[in-house]
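The sequence and structure come first.

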Amino acid sequence: MIDQITVFLENDKGRLAALCRTLGDAGISMHALTVADTASFGVARIIADTPREAYAVLNEKGFRASLTKVFAVEVSDDAGGLAALLEALDAAGINVEYAYCFASGAGHAVDILRVDAHEEAEAVIIAAGFRVMEPRELYA
Amino acid sequence: MADSTGRVLGPEKYFQPDIEMMDRGELEALQLVRLQSTVTHCYESIPFYRRAFDEKGIKPSDVTSLADLQKLPFTLKQDLRDAYPFDLFAYPVDDARVQRLHASSGTTGNATVVGYTQKDIENWGDTFARTIAMVGGDEHSLLQVSYGYGLFTGGLGAHEGGIRMRATILPMSSGNTRRQVQMMRDFGVDILACTPSYALLIADTAIEMGFNPAEDFKISGAICGAEPCSEGMRREIEAKLGVKVVDIYGLSEVMGPGVSCECRHQNGLHVAEDHFIMEILDPNTLQPVPEGEYGEVAFTTLTKECSPLIRYRTRDISRILPGACACGRTLRRMDRIQGRTDDMLIIRGVNVFPSQFQEVLASFSEVTSYYQIVLTSKGPLDRMTLKVETVPDFDFDEIRKIEDLQRRISAELRSNLQVSVEVKVVEPKSIERSEGKARRVIDNRDNKGGER
C-alpha cells in the first residue's frame, strides 16, 4: 500500500496554490493531485515523492495534512480496465470510498483506491488479475 | 443513597432547615414583609433611592405585593460607581453600626464599596454556613479557608460561614500552596473553601509532594466559587482530592459568596431567598422572562441594613431551574452563570450566549475548544456561521466524515439553542488565539440585533 497525503483546505483564495508552492519549495515532486470540494471546504489528495517528509513540511507550515493508506493498482490503459477491477471489489462486498486514476506513461494507468478491509481487498485485487504497486514504483 | 459517581452519601444536612425548606407561601409572605421594610429603609435613608422613587412617583406604601417589585426602579453597576465611596450607604460610615467595608476591584472604573453592619455579617455567614452543610459539614468540621482574605469578599465570607456554623476555621488565605497541603493533611481538614483553580493547584501540589489526597486525606468536600468552573474541572478536583465540589455564587455588591449555593446534587444553586429576591429579566424589555428561560439576573436585598439594593442588575445571565430539588430545599435554584449581558447575541430574535456554544462543543470530542461565531446578514435575516477546528487525530480523509460532523454539531446547536447555525470546519490554527479574552464573535450584520 502507498501513502497518500490528504490536506484539508478551506475554500479560500490561494490555498491550493500555497499548498503546491510549499511542496515545490521543499523540492517534493507531485505525481497526482485531486481536489474534492464541498460548499465550505475542500480536500486535496496527493501522491508525491517522500510522502512522510511532505506530511511533516505541510504540517509545519500550518496545513492540516494527514497520511492515508491507499492501494495503487496497475490497470491497462484500455476501455473497461477500471470497470473490471471495481466489479471484482463490488462482488466481494468491498466498499470503495473514493478512487482516481492517472496515466503512468508506459501504456498503463495507475488507479488509486481507498477501501476498508485492506487485506481482504488486496486478495480480491490480486485474484482478479491485477497488480498492486509498491511504493518505490510510484515515488522516491 | 449514592450519587452519580457511585459515592455513598450520608443523610442530607441543613444549617437552617426551617428556612431552607420553608413552605413557599410562608416564604413569600416573609419576602413581602422584608421587601416592604427594605423599600422603606431605602427611601428614608438613601437619597439616591428617594430621588429614584420620587421620579417614578412611587412611595414605599405602594408596595403591597411581591408583584409590585416590578414598579420599582433599577440599580445599575454605574450607580454604585457613581456613589463612590459611601453615597449608597444607609448610615454614615462613622456610625457605630457600620462594622466593615468591602470593595470590588474596580478594574473598569471606580471601585464599588459595600458596608456591613453586625447583622449583615451574621446573615452573610448564615448563607455561607448553609453551603457548608450542603457539602456535608457541621459544627464538628474543620474548614480550611483558602480564598484570599481582604477587601475581596471570598476569604472573610467563608470565614463568617465557619463562625456561624461553629466549625473550626483554618484561615489560610491563598498562597504558600505546599503549606496548605501539609496542614490539610496533618490537621485532617474536612472542607476546603477556595476558587476552583486554586483547589486544582492544591490537589496537583499534593500529588507532586507524593501524597494521594483522594485516598489518604480526610477531606470530603470543597466549596469552590468566585470564578467559572467547567464540569470537567469539577470532576478533576473531585477525583484528585476525593471530595464533593459544590459551586457558590455571590457578588460583593449584593453581599459576597452565599447569595446562592449548590447542594450536593450539583444541579443549580439554591438562592438565599429569605435574604434576596431574584428576578430573571429580558435584557431588552427588562420584563421578567417565563420561568426556565435565560435572562439577566437582578437582586433585591431583603435584610441588608448598611448597603441595601433594589433590583440590582448584575449583568450576569442565568435562569431559574424549574422543579423541586432532591435535597428537599424549597429555595429555588438558579442555573450556573451562562455569561454576561454584554456578550449576549440576538439572532433572529433569540437570545444566545457564546458560552452556550462552548457547552455544546465540549460534548464533541472531534473538535478543539477554539471556535468563532460569524454573524452576517442575508437580506433581512441573520445568518450565523460557527467555525470550529478538528482535533489533530481527526480523520478528514473521508469528506462525509467532516460533513457528518458539521451536521451533527449543527443539529445539537439547533436543539439546544433553538437557532440555526451553519457549522464550518476550518483549517488548524486559523481561529484567532489570544492570551487574554478571545474574540469569539465577529458581527458583520447590518443591524446588530436591535437595541441593547
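A crossing of two helices is called left-handed if the near helix is turned anticlockwise from the far one by less than a right angle, and right-handed if it is turned clockwise. The model discussed here is predicted. In chain B, the crossing of α8(B) and α10(B) is left-handed.

**Helix packing in chain B**
- Helix α8(B), residues 196-208, packs with α10(B) at an angle of about 35°, and the two axes are 9 Å apart.
- On the α8(B) side, the contact is made by P196(B), A199(B), L200(B), A203(B) and I207(B).
- From α10(B) come M233(B), E236(B), I237(B), K240(B) and L241(B).
- Eight of the residues in this contact are nonpolar and two are charged, with no polar ones.

**P228(B)**
- P228(B) sits in the loop that runs between β6 (221-224) and α10 (231-241) of chain B.
- R336(B) is 108 residues from P228(B) along the chain, and their C-alpha atoms are separated by 8.6 Å.

**Contact between chains A and B**
- Chain A gives 13 residues to the contact and chain B gives 14.
- Within chain A, the strands β1 (2-10), β3 (41-48) and β4 (64-76) each supply at least two residues of the side that touches chain B.
- That side of chain A has six polar, four nonpolar and three charged residues.

Notes:
Residues are numbered from 1 along each chain as its sequence is written. Chains are lettered from A and ligands numbered from 1 in the order in which they are written. This is a predicted model: local features need pLDDT of at least 70, side-chain atom pairs count only at pLDDT 80 or more; totals for chains, interfaces and linings use all residues. Helices (H or I, at least four residues) and strands (E, at least two) are DSSP runs, numbered from the N terminus. Axes are lines fitted to C-alpha atoms, for helices over the stretch in contact, and angles run from 0 to 180 degrees between N-to-C directions. Two residues are in contact if their C-beta atoms, placed from the backbone, lie within 7 Å. Ala, Val, Leu, Ile, Met, Phe, Trp, Tyr, Cys and Pro count as nonpolar, Asp, Glu, Lys and Arg as charged, and the others, Gly among them, as polar.
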